[in-house]
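Thanks, everyone. I will take one structure today and go through its surface, its core and its charged pairs, in that order.

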Amino acid sequence: DVLLMPEPFDSFVVTQLGEYKDFKFVNAATDDPEASESEAKPESDENKETTESNESEKTETVKTTPLSEKFSAVLGDEVESVRETKRLVDSPARLVNGSGGITPEMQKMYHLMNQDLPETKKVLEINPTHPLVSKIFELSDTELAAELIRQVYDNARIMEGEELNRAEMVARVQDLMLKLL
(Lines give C-alpha, C1' and ligand atoms only; values in the text may rest on other atoms or scores of the structure.)
Protein backbone atom coordinates (compact mmCIF):
# COMPACT_ATOMS: atom_id res chain seq x y z
CA ASP A 1 0.00 0.00 0.00
CA VAL A 2 1.14 3.52 -0.78
CA LEU A 3 0.20 6.65 1.11
CA LEU A 4 0.97 9.85 -0.80
CA MET A 5 1.81 12.82 1.37
CA PRO A 6 2.59 15.85 -0.81
CA GLU A 7 2.70 18.56 1.86
CA PRO A 8 6.14 19.55 3.22
CA PHE A 9 5.05 19.05 6.84
CA ASP A 10 3.65 15.54 6.23
CA SER A 11 7.01 13.89 6.86
CA PHE A 12 7.15 15.44 10.33
CA VAL A 13 3.70 14.08 11.18
CA VAL A 14 4.56 10.61 9.87
CA THR A 15 7.85 10.64 11.79
CA GLN A 16 5.92 11.19 14.99
CA LEU A 17 3.38 8.47 14.18
CA GLY A 18 5.97 5.88 13.16
CA GLU A 19 3.51 3.09 12.41
CA TYR A 20 -0.14 2.25 12.00
CA LYS A 21 -1.66 -1.18 12.82
CA ASP A 22 1.69 -3.03 12.80
CA PHE A 23 2.78 -1.31 9.56
CA LYS A 24 5.79 0.98 9.70
CA PHE A 25 5.75 4.12 7.60
CA VAL A 26 8.65 4.00 5.13
CA ASN A 27 9.75 6.76 2.78
CA ALA A 28 10.00 5.41 -0.79
CA ALA A 29 12.71 7.97 -1.59
CA THR A 30 15.12 6.57 1.00
CA ASP A 31 18.44 4.92 0.28
CA ASP A 32 17.30 1.35 0.96
CA PRO A 33 13.81 0.78 -0.49
CA GLU A 34 14.30 -3.00 -0.80
CA ALA A 35 14.59 -3.23 2.97
CA SER A 36 11.32 -1.36 3.36
CA GLU A 37 9.37 -4.25 1.81
CA SER A 38 10.29 -6.56 4.65
CA GLU A 39 9.97 -3.83 7.29
CA ALA A 40 6.49 -2.85 6.15
CA LYS A 41 5.06 -6.31 6.88
CA PRO A 42 4.11 -7.26 10.41
CA GLU A 43 6.34 -9.98 11.87
CA SER A 44 4.72 -13.41 12.14
CA ASP A 45 5.83 -17.02 11.81
CA GLU A 46 4.74 -17.05 8.17
CA ASN A 47 6.64 -13.85 7.40
CA LYS A 48 9.91 -14.86 9.12
CA GLU A 49 10.97 -17.03 6.18
CA THR A 50 10.01 -14.26 3.73
CA THR A 51 11.96 -11.72 5.80
CA GLU A 52 15.07 -13.92 5.69
CA SER A 53 14.83 -14.25 1.90
CA ASN A 54 14.32 -10.47 1.62
CA GLU A 55 17.47 -9.92 3.68
CA SER A 56 19.46 -12.07 1.24
CA GLU A 57 17.91 -10.18 -1.70
CA LYS A 58 18.90 -6.93 0.00
CA THR A 59 22.54 -7.94 0.12
CA GLU A 60 22.37 -9.03 -3.51
CA THR A 61 21.16 -5.60 -4.66
CA VAL A 62 24.10 -3.88 -2.96
CA LYS A 63 26.60 -5.92 -5.00
CA THR A 64 28.11 -4.23 -8.00
CA THR A 65 27.28 -5.78 -11.32
CA PRO A 66 28.77 -5.21 -14.77
CA LEU A 67 25.71 -3.11 -15.59
CA SER A 68 26.01 -0.88 -12.50
CA GLU A 69 29.77 -0.62 -13.06
CA LYS A 70 29.19 0.58 -16.63
CA PHE A 71 26.87 3.34 -15.37
CA SER A 72 29.25 4.22 -12.50
CA ALA A 73 32.20 4.53 -14.86
CA VAL A 74 30.35 7.16 -16.90
CA LEU A 75 28.75 9.09 -14.03
CA GLY A 76 31.73 8.97 -11.68
CA ASP A 77 31.41 11.30 -8.69
CA GLU A 78 28.07 12.77 -9.77
CA VAL A 79 26.25 10.03 -7.86
CA GLU A 80 26.95 8.32 -4.56
CA SER A 81 26.51 4.94 -6.23
CA VAL A 82 24.64 3.05 -8.93
CA ARG A 83 22.70 -0.11 -8.18
CA GLU A 84 20.17 -2.35 -9.81
CA THR A 85 16.68 -2.55 -8.33
CA LYS A 86 13.62 -4.73 -8.77
CA ARG A 87 11.20 -2.01 -7.68
CA LEU A 88 11.12 -0.16 -11.00
CA VAL A 89 8.69 -1.48 -13.60
CA ASP A 90 8.22 1.07 -16.40
CA SER A 91 11.11 3.44 -15.68
CA PRO A 92 14.71 2.81 -16.66
CA ALA A 93 16.11 4.65 -13.62
CA ARG A 94 15.36 6.81 -10.60
CA LEU A 95 17.27 8.77 -8.00
CA VAL A 96 16.96 8.11 -4.27
CA ASN A 97 18.58 9.76 -1.29
CA GLY A 98 22.00 8.48 -0.43
CA SER A 99 23.09 7.53 3.05
CA GLY A 100 22.65 10.54 5.29
CA GLY A 101 20.91 12.46 2.50
CA ILE A 102 18.19 14.99 3.07
CA THR A 103 14.69 13.72 2.39
CA PRO A 104 12.67 15.39 -0.39
CA GLU A 105 10.35 16.73 2.29
CA MET A 106 13.23 18.42 4.11
CA GLN A 107 14.45 19.80 0.78
CA LYS A 108 11.00 21.39 0.31
CA MET A 109 11.22 22.89 3.80
CA TYR A 110 14.65 24.38 3.03
CA HIS A 111 13.22 25.81 -0.19
CA LEU A 112 10.19 27.28 1.61
CA MET A 113 12.51 28.94 4.14
CA ASN A 114 14.77 30.25 1.31
CA GLN A 115 17.80 28.43 2.73
CA ASP A 116 20.61 26.82 0.76
CA LEU A 117 20.62 23.04 0.69
CA PRO A 118 23.70 21.15 1.84
CA GLU A 119 25.37 19.25 -1.01
CA THR A 120 24.39 15.57 -1.01
CA LYS A 121 24.79 12.96 -3.70
CA LYS A 122 21.99 10.65 -4.74
CA VAL A 123 21.95 6.95 -5.52
CA LEU A 124 20.96 6.06 -9.08
CA GLU A 125 18.79 2.96 -9.16
CA ILE A 126 18.56 1.29 -12.54
CA ASN A 127 16.03 -1.21 -13.84
CA PRO A 128 18.04 -4.05 -15.45
CA THR A 129 14.93 -5.43 -17.18
CA HIS A 130 14.03 -2.17 -18.93
CA PRO A 131 14.69 -2.44 -22.70
CA LEU A 132 16.61 0.86 -22.80
CA VAL A 133 18.98 -0.18 -20.00
CA SER A 134 19.47 -3.64 -21.54
CA LYS A 135 20.32 -2.19 -24.95
CA ILE A 136 22.74 0.34 -23.45
CA PHE A 137 24.54 -2.52 -21.70
CA GLU A 138 24.80 -4.50 -24.96
CA LEU A 139 26.20 -1.55 -26.96
CA SER A 140 29.76 -1.99 -28.18
CA ASP A 141 30.09 1.72 -29.08
CA THR A 142 31.32 3.06 -25.74
CA GLU A 143 30.92 6.72 -26.75
CA LEU A 144 27.27 6.23 -27.68
CA ALA A 145 26.66 4.16 -24.53
CA ALA A 146 28.16 6.95 -22.39
CA GLU A 147 25.91 9.58 -23.98
CA LEU A 148 22.84 7.39 -23.46
CA ILE A 149 23.79 6.70 -19.82
CA ARG A 150 24.18 10.43 -19.24
CA GLN A 151 20.74 10.99 -20.80
CA VAL A 152 19.13 8.32 -18.61
CA TYR A 153 20.71 10.00 -15.58
CA ASP A 154 19.49 13.44 -16.66
CA ASN A 155 15.99 12.05 -17.24
CA ALA A 156 16.01 10.74 -13.66
CA ARG A 157 17.15 14.17 -12.47
CA ILE A 158 14.28 15.82 -14.35
CA MET A 159 11.82 13.40 -12.77
CA GLU A 160 13.33 14.35 -9.40
CA GLY A 161 12.53 18.01 -10.14
CA GLU A 162 16.09 19.26 -10.66
CA GLU A 163 16.94 22.14 -12.96
CA LEU A 164 19.41 21.13 -15.66
CA ASN A 165 21.60 22.91 -18.17
CA ARG A 166 19.11 22.88 -21.04
CA ALA A 167 21.59 23.88 -23.74
CA GLU A 168 23.91 20.99 -22.84
CA MET A 169 21.04 18.50 -22.73
CA VAL A 170 19.52 19.65 -26.05
CA ALA A 171 22.93 19.44 -27.73
CA ARG A 172 23.36 15.87 -26.39
CA VAL A 173 19.90 14.80 -27.59
CA GLN A 174 20.56 16.27 -31.04
CA ASP A 175 23.93 14.51 -31.19
CA LEU A 176 22.25 11.22 -30.22
CA MET A 177 19.60 11.72 -32.88
CA LEU A 178 22.29 12.31 -35.53
CA LYS A 179 24.18 9.17 -34.49
CA LEU A 180 21.05 7.05 -34.57
CA LEU A 181 19.84 8.27 -37.98
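**Overall surface and fold**

The accessible surface of the protein chain is about 12000 Å², and 55% of that belongs to carbon and sulfur atoms. Please keep in mind that this is a predicted model. The chain has 181 residues, of which 30% count as buried.

As for secondary structure, there are 8 helices and 5 strands. Reading from the N terminus, the order of the elements is α-β-β-α-α-α-β-β-α-β-α-α-α. If you take the contacts with a separation of 6 or more, 67% of them are between residues 24 or more positions apart.

**The core**

Next, the nonpolar core. The largest one has 19 residues, and those with the most contacts inside it are Phe71, Leu75, Val82, Leu124, Ile126 and Ile136. Five elements each supply at least two residues of this core: helix H4 (66–75), strand S4 (93–97), strand S5 (122–126), helix H6 (131–138) and helix H7 (142–160). The largest share is from H7, with 7 residues.

Which residues does Leu124 touch, leaving out those up to four places away in sequence? The list includes Phe71, Leu75, Val79 and Val82, then Ala93 and Leu95, and also Tyr153 and Ala156. Ser81, Arg83 and Arg94 are on that list too.

**A nonpolar patch**

Leu3, Met5, Val13, Leu17, Tyr20 and Phe25 make a nonpolar surface patch of about 570 Å². One of these, Val13, lies in helix H1, which covers residues 10–17. Val13 has a relative accessible area of 42%, so it counts as partly exposed.

**Charged pairs**

A search of the whole structure gives 12 salt bridges. I will go through three of them.

Are the two partners buried or exposed? Arg150 is buried, at 18% relative accessible area, just below the cut-off of 20%. Glu78 is partly exposed, at 37%.

Next on my list is Lys179 with Glu147, at 2.3 Å from N to O. Lys179 belongs to helix H8 (residues 166–180) and Glu147 to helix H7, so the pair links distant parts of the chain, 32 residues apart. Lys179 counts as partly exposed at 32% relative accessibility, whereas Glu147 is buried at 13%.

Then there is Asp154 with Arg172, with the closest N and O atoms 2.7 Å apart. Asp154 is in helix H7 and Arg172 in helix H8, so the pair ties together parts that are 18 residues apart in sequence. Asp154 counts as buried, with a relative accessibility of 4%. Arg172 also counts as buried, at 8%.

Asp154 and Arg172 also belong to a network of salt bridges, in which they are linked with Arg157, Glu162 and Glu168.

**To sum up**

Two points to take away.

Methods: Residues numbered from 1 in each chain as written. Predicted model: local features only at pLDDT ≥ 70, side-chain atom pairs only at ≥ 80, totals over all residues. Heavy atoms only, no water. Core = buried A, V, L, I, M, F, W, Y, C linked by side-chain atoms within 4.5 Å. Buried < 20%, exposed > 50% of the residue type's maximum accessible area, 1.4 Å probe, protein only. Helix = DSSP H or I, 4+ residues; strand = E, 2+ residues; numbered from the N terminus. Contact = heavy atoms within 4.5 Å. Patch = residues over 30% accessible without salt bridge, like charges linked within 9 Å, V, L, I, M, F, W, Y side chains within 5 Å. Areas by Shrake-Rupley, 256 points an atom, 1.4 Å probe, with all protein chains shown as cover. Salt bridge = Lys/Arg side-chain N within 4 Å of Asp/Glu carboxyl O.
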